[in-house]
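Subject: Handing over the structure

Dear colleague,

I am passing this structure on to you, and below it you will find my notes on what came out of going through it. Please read them with the model open beside you.

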Amino acid sequence: MLLKELSALASPLSQGQVEKLKQLTAQLTPVQQAWVSGYLAANANQANADVNLPQADSSPTLTILYGSQTGNGHGIAQSLAEKAQSQGYAVNLSSMGDYNVRQLKQESLLLLVVSTHGEGEAPDDAIELHQFLASKRAPKLEQLHFSVLALGDSSYEFFCQTGKDFDQRLRALGANALTELIECDVDYEEQAQQWQTQVIDAVKPLLQTSSASVVPISQAQSATSQYSKQAPYTAEILVSQKLTGRDSDRDVRHVEIDLADSGIQYQVGDALGIWFSNNPQLVNEVLTSLSLSGDEQVQVKNASMTLRDALLNVKELTQLYPGFIEQWAQLSADNNLLALIEDKVQTRQFMLKHQVVDLIQSSPASTTAQAFVDLLRPLTPRLYSIASSQAEVDTEVHLTVALVEDERQGQARFGGASHFLASATEGQQVKVYVEPNKHFRLPENPDTDVIMIGPGTGVAPFRAFMQQRSVDGASGNNWLFFGNPHFEQDFLYQTEWQQYLKNGELNQLDVAFSRDQADKVYVQHRITEQGAQIWQWLQDGAHLYICGDAERMAKDVHQALIDVAQLHGALSADDAAAYLDTLRADKRYQKDVY
């Protein structure tokens, strides 16, 4: 059988496994392929022989699947798997992206942890399973017992939508719910812990424990860094250097962080989590607006601290959420605010343009220190796409950070993490951890061509890609699309791209500086202009990457690619969309959007 035929057949391999098999065999000589064939045949014969041996236990396997855009879901699923295994249960832990959907009808116990991305969308690794369950191909699942933990952010309109979709669809297919759907906001830890205890108790009557039946979690799945979101590494900032020109209307920084002897490893495509402290000036403004000193003692979970410390290091001040607006509207009895919360669209717009301090100043209310702290959500780290390859920079990690800045009634308002990094001085400490992103990876075969689309700070991971490809001596072609407002002020890493072009490692660079001419030109316009060549690269096996703004850019670029497939591939609109879906399923079309 030819490998190119595998994807079209109902094989027992997942699409990801098929892709890896293709990449492996492409690097082998005919003699090596024959040897591997013999090895696999012998291995399969031994496995078949083992099947006929008496089994110590026929207990069903507990399958745990996670769909995670930022890694939170993976962490919860990993923790649940370890707890289940510690009780002797057979566990199969897998990303939804690596799971063979045809295996679903064989499952009897299924626990799902899934986040919601963007406007109610499934995260990348959950798309295939989500689409399969919603299709006519989905089987009846009367034999299945399941539970869903949904992760989301109540700041968004379609809160926990993907989890709701999975729960509703599984029920519609006849599956039996072990628990009710659990919907978690950004402060999910306590609810997640409760769910883990609840589902382990719920599956006990359906499972028999036996050490002989335990399915080990693979090393790749179980390996965890010494440092994590819950236990970050305290690093030093080496550089926070402005990349944009003095006349630019934006402040974009190149930040270098020293990982020293931490042993932290990352891959290109990964993100760096940044824990930050709120701006002391912002904290003082909040305290003044509330007529509180900051010395008041407050309780946050099981810890006692001053109100000032809580606002500096523990509670979120730069991002509003609907629950705070609703409760503050009632506390302040502000009629305008009370009317606002009745309109979800207007509430969403208000959140995007205001911070906590703006709200408490425009709608004053009297409150105690403890009551105010209880209204606030916990501070959460921000994730930044890593802009360096460790093969190039060794014990450093580089970021490309745009300062989030606005002015409201004469007062400057900044994003929490971006201001922390932009104003950092050499030697300042910052708590960090690596958030792996295995759904944004360079091709395993270095001969593969890559097309990178990264306007603005979306160019960050492609700087890392080029460093890695250069160190590896990759022979595949590299094509970058970059856009920003002005050539002279906003061409991020211009000299580096020019050097890559000069030495032939970057084969093509297409730029779009939107405000350097009368008509605005964006990267999607360049894609349309280069449509014939893009289509040819894709036909020749190129991998396609997009990084940057999810709200508009990624959608516009996606539509431009559909247009390219229609015009140069002679596909209908539906077939063009399906073609891009196939590229995504084959891991040839990957996005890192935010």
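Arg171 has a relative accessibility of 34% and therefore counts as partly exposed, a class that lies between buried, which is under 20% relative accessible area, and exposed, which is over 50%, with a 1.4 Å probe and protein chains only. Its partner in a salt bridge is Asp167, at 2.8 Å from N to O, where a salt bridge is a side-chain nitrogen of Lys or Arg within 4 Å of a carboxyl oxygen of Asp or Glu. Asp167, by contrast, counts as buried because its relative accessibility is 7%. Both residues belong to helix 5 (residues 161–172), where they are four residues apart, about one turn of the helix; helices here are DSSP runs of H or I with at least four residues, strands are runs of E with at least two, and both are numbered from the N terminus. An α-helix has 3.6 residues a turn, so residues three or four places apart point the same way.

Before going further, please keep in mind that this is a predicted model, in which local features need pLDDT of at least 70 and side-chain atom pairs count only at pLDDT 80 or more, while totals for chains, interfaces and linings use all residues. Residues are numbered from 1 along each chain as its sequence is written, and side-chain values use heavy atoms, with hydrogens and water left out.

As for the whole protein, there are 23 helices and 21 strands, and 50% of the 594 residues count as buried. The accessible surface comes to about 28100 Å², with 48% of it belonging to carbon and sulfur atoms; such areas come from the Shrake-Rupley method with a 1.4 Å probe, and for residues only the protein chains shown count as cover. Among contacts, meaning heavy atoms within 4.5 Å, those with a separation of 6 or more are made to 77% by residues 24 or more positions apart.

To return to the salt bridges, the search of the whole structure finds 16 of them. In one of these, Arg441 pairs with Asp270, the closest N and O atoms being 2.8 Å apart. This pair links distant parts of the chain, 171 residues apart, since Arg441 is in the loop between strand 16 (429–435) and strand 17 (450–453) and Asp270 in the loop between strand 8 (252–258) and strand 9 (271–275). Arg441 is buried, with a relative accessible area of 16%, and Asp270 is also classed as buried, at 3% relative accessibility. A further salt bridge joins Arg526 to Glu529, with the closest N and O atoms 3.1 Å apart, and both residues lie in helix 20 (residues 523–529), three residues apart. Glu529 is exposed, with a relative accessible area of 52%. Salt bridges that share partners also join Glu285, Asp358, Asp406, Arg408 and Arg413 into one network.

How do helix 21 and helix 22 cross? The axes of helix 21 (residues 531–539) and helix 22 (residues 553–569) come within 9 Å and cross at roughly 85°, which makes the two helices roughly perpendicular. The axes are lines fitted to C-alpha atoms, for helices over the stretch in contact, with angles from 0 to 180 degrees between N-to-C directions, and roughly perpendicular covers 65 to 115 degrees. Gly531, Ala532, Ile534 and Trp535 of helix 21 meet Leu561, Val564, Ala565, His568 and Gly569 of helix 22.

Two further places concern buried residues. In helix 4 (residues 127–134) the buried residues are Ile127, Leu129, Phe132 and Leu133, and what covers them includes strand 1 (62–67), strand 3 (109–115), helix 5 and helix 23 (573–585). Leu149 lies in strand 4 (residues 145–151) and counts as buried at 0% relative accessibility. Not counting residues up to four places away in sequence, Leu149 touches Ile76, Leu112, Val113, Val114, Ile182, Cys184, Ala192 and Trp195.

Lastly, Ser291 has a positive phi near 60° although it is a residue other than glycine, and its place is in the loop between helix 8 (280–290) and strand 10 (297–300). Ala570, not a glycine either, has a positive phi of about 55° and is found in the loop between helix 22 and helix 23. Ser291 counts as exposed at 67% relative accessibility, and Ala570 is exposed with a relative accessible area of 70%.

With kind regards

Definitions and conventions: Angles under 35 degrees count as roughly parallel, over 145 as roughly antiparallel, 65 to 115 as roughly perpendicular and the rest as oblique.
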